[in-house]
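Please examine the sequence and the coordinates shown below before reading on.

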Amino acid sequence: MRKTSNVMARHLSFTGFAWKNLRRRRLRTLLTLVGITMGIGAFVALVGFSRAFEHEWMRLYTSSGTDIAVVETSFINTSLDESVGPKIGAVPDVAIAVPMIFNLIDLTPDVNALVYGWRADSYELDSLSLLSGRRFRDGQPEAILGKNLADDLKKRPGDSLPIQGTNFTVTGVFHGGTALEEGAVIMPLDQLQMISSMQGKVTAFHVRLRPMPAGEAYDRYVKRAEAEIEAAVPGVHADPAADRAANNQLVALAHSVAWGTSTIALLIGILGIANTMAMSVFERTREIGILRALGWKGRHVILLILTEATALGLAGGFLGIAMGWTALLVLSAMPQTASIVSASVAPLHLAESLLIAIVAGLVAGAYPAWRAARLSPVEALRYE
Amino acid sequence: MSSPLLEARGLVKSYDDGRIAALRGVDVRIDAGEYVAISGPSGSGKSTLLHMLGGLDLPTRGEVLFRGSPLGSAVDLDTYRSRQVGFIFQAFYLLPTLCAAENVQVAMLAINGRANHRAERAAALLEEMGLKDRMRHYPNELSAGERQRVAIARALANDPAILLADEPTGNLDTANTAHIMEILRGIREQRGMTLVIVTHENEIASSAPRHIRIRDGRIEA
């Protein structure tokens with residue numbers, strides 16, 4: 001047996017051949033990999049972050065039982081008069097409408113947190129479970145902190161917490177259903193209006209509807225209620241809570257920054273692969289001529305170059321996923337960002353990232369492969 | 001009369017918009033199993049003729065027929081090169097990233113087949129070339145004579161009907177030249193292949209049963 005295996009030649013497969021070509025210029029292959037890895041890594045981290053962020057917002061609404069969010073028609077910096085609350089509350093299908101403000105505020109130079117202003121009797125407080133202390137009271141400089149934030153700031157009930165120049169007393173620490181709440185401060189609506197100069201204004205009204213009439217679908221019911229609210233209070237926009245999570249200005253901003261940045265990073269990665277493959281085809285002109293002389297068809301040459309480019313894309317995809325995921329883990333552990341970053345990445349997002357990596361390889365390899373296939377065998381063989 | 005294996009009819013090949021004429025009307029008939037040497041001075045057009053016969057390039061005018069069918073129209077050039085022709089070049093043209101065995105297998109990659117079969121056939125051919133112990137050596141680890149023997153094994157990989165050798169001994173010393181020529185003649189005798197050798201060495205040309213002299217793109221005799 002041993003004697004036979006000595007005589008046996010090593011197998012050469014198509015992919016094995018492509019791999020050998022990539023290994024030939026290791027530094028160049030490595031640098032190309034770094035480029036596409038950065039692109040995919042940015043996509044995984046940034047788009048993953050923005051989607052997780054949206055998901056957390058959605059959970060925030062659903063965990064508190066909010067059906068509809070009423071905001072000002074204009075999208076940016078939405079602010080409504082607090083006085084329209086009773087009008088919304090008077091709409092027949094509305095069970096309760098509570099005003100709220102949310103804002104992102106620097107608590108310390110290192111920690112910024114989402115700050116909510118709610119009324120002490122808001123139904124949304126019922127979805128939180130107090131771990132220690134008590135709820136805040138309206139009209140008092142008091143606040144409750146999410147567990148993660150309290151841990152980061154090392155605050156307990158009874159401690160003082162300065163926010164925008166006002167000393168607040170931490171009255172309780174709560175456990176919230178989402179990462180957003182876990183890292184948030186909740187204070188009386190009137191106090192947040194005061195420190196953010198929004199007297200008489202709110203960001204939105206969160207609406208809980210009356211129990212659905214029997215036989216009506218939830219979506220239809222919500223749509224009808226939205227129309228009723230918009231008719232009762234001109235100039236407002238009523239969004240289903242789920243849509244509101246996606247349309248939330250912070251989420252929209254996160255989405256556009258994430259897609260914008262990762263698209264640029266991906267383009268740079270694709271150009272890197274394209275450059276490498278173009279150089280490689282140029283350097284291997286004679287070898288391509290040899291392959292053609294041996295009877296390789298143009299499509300075999302295209303397949304070889306695309307296999308090499310796709311292998312680069314795929315390897316960059318796996319490395320990029322590892323890099324992006326690591327970045328999310330680090331961000332979710334840092335106090336500055338823990339409140340808005342979740343370390344979880346949806347399997348679909350990973351599959352999408354790999355698909356983008358493969359497509360990136362194919363796109364980048366397309367032109368060099370086409371050029372290689374068009375080389376005349378005789379001209380290519382003569383190439384010095 | 002049955003059609004020859006290869007036939008060139010009125011081959012003209014010109015470059016640079018007709019300013020350079022490499023072939024000026026060549027007619028050649030080569031029968032199956034023939035051993036033909038083509039010789040001529042540098043620039044006479046002998047390599048160009050070989051490229052046309054091997055389907056590496058198409059003539060400007062005229063045609064090459066393989067078993068009566070014109071190359072490039074009735075016969076697909078890539079398929080013709082991969083299945084019917086084995087090329088051997090002066091500069092060997094081995095791929096530097098592949099070992100000897102892989103260089104032979106690369107010719108078979110163009111034809112679908114089992115990987116095991118490819119590896120076994122490469123091993124058998126290299127063994128036949130006396131390179132049993134050099135299969136895993138890369139071209140830069142082989143002598144010139146060994147490289148040319150790997151190239152011959154590669155040319156035989158797909159069991160072609162025709163071997164076309166362009167100055168196969170041009171880069172070899174006397175001993176290796178004799179060895180390579182012995183191998184080529186042996187292949188032709190044992191396998192009944194058609195062998196066409198382009199050479200500028202009179203000794204090689206005159207040893208062939210048929211000798212075609214070419215000068216200025218035309219056949220002399």
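The structure is a predicted model. In chain A, the domain assignment gives domain 1 as residues 13-55 + 252-382 and domain 2 as residues 74-234. The C-alpha centres of domain 1 and domain 2 of chain A lie 44 Å apart.

Strand β6 (residues 142-146) of chain A pairs with β8(A) in the parallel sense, over 5 bridges. Here A:Gly146 stands opposite A:Phe174. Strand β7 (residues 160-163) of chain A is antiparallel to β8(A) and is joined to it by 4 bridges. A:Ile163 has A:Thr166 as its bridge partner in β8(A). A hairpin is formed by β7(A) and β8(A), with 2 residues between them, and A:Gln164 in the turn has a positive phi of about 50°.

The contact between the chains draws 22 residues from chain A and 28 residues from chain B. On the side of chain A that touches chain B, α2 (14-24), α11 (285-293) and α14 (377-382) of chain A each supply at least two residues. The largest share of that side, 5 residues, comes from α2(A).

In chain B, an open sheet of 4 strands has the order β2-β1-β4-β5, with antiparallel pairing. Strands β2 (20-30) and β5 (69-70) of chain B stand at the edges with a single partner strand each, so one side of each has no neighbour in the sheet. Strand β4 (residues 61-66) of chain B is joined to β5(B) by 2 bridges, and these strands run antiparallel. In β5(B), B:Ser69 stands opposite B:Phe66. Helix α1 (residues 46-53) of chain B packs on this sheet and touches β1 (6-15), β2 and β4 of chain B; the direction of α1(B) makes about 125° with that of β1(B).

Helix α6 (residues 174-191) of chain B has 18 residues and reaches 26 Å from its first C-alpha to its last, close to the 26 Å expected at 1.5 Å a residue. Its buried residues are B:Ile180, B:Met181 and B:Leu184. These residues lie on the same side of α6(B) because they cover an arc of only 100° around the axis. Among the elements covering them are α5 (144-156), β7 (162-166), β8 (194-199) and α7 (202-207) of chain B. The face of α6(B) turned away from the buried side carries the exposed residues B:Ala175, B:Glu182, B:Gly186, B:Glu189 and B:Gln190. Just after α6(B), B:Gly192 takes a positive phi of about 70°.

Backbone angles also draw attention to two loop residues. Most residues other than glycine have a negative phi. B:Asp17, although not a glycine, has a positive phi of about 55°, and is found in the loop between β1 and β2 of chain B. B:Asp17 counts as exposed because it has 6 C-beta neighbours inside 10 Å. B:Glu167, also a residue other than glycine, has a positive phi near 50° and is found in the loop between β7 and α6 of chain B. B:Glu167 counts as buried because it has 20 C-beta neighbours inside 10 Å.

Technical notes: Residues numbered from 1 in each chain as written. Chains lettered and ligands numbered in written order. Predicted model: local features only at pLDDT ≥ 70, side-chain atom pairs only at ≥ 80, totals over all residues. Expected span 1.5 Å × (residues − 1). Buried ≥ 20, exposed ≤ 12 C-beta atoms within 10 Å, placed from the backbone. Arc of directions from axis to C-beta. Contact = placed C-beta atoms within 7 Å. Domains from an automatic or database assignment. Pairing = 2+ DSSP bridges. Axes fitted to C-alpha atoms, helices over the stretch in contact; angles between N-to-C directions.
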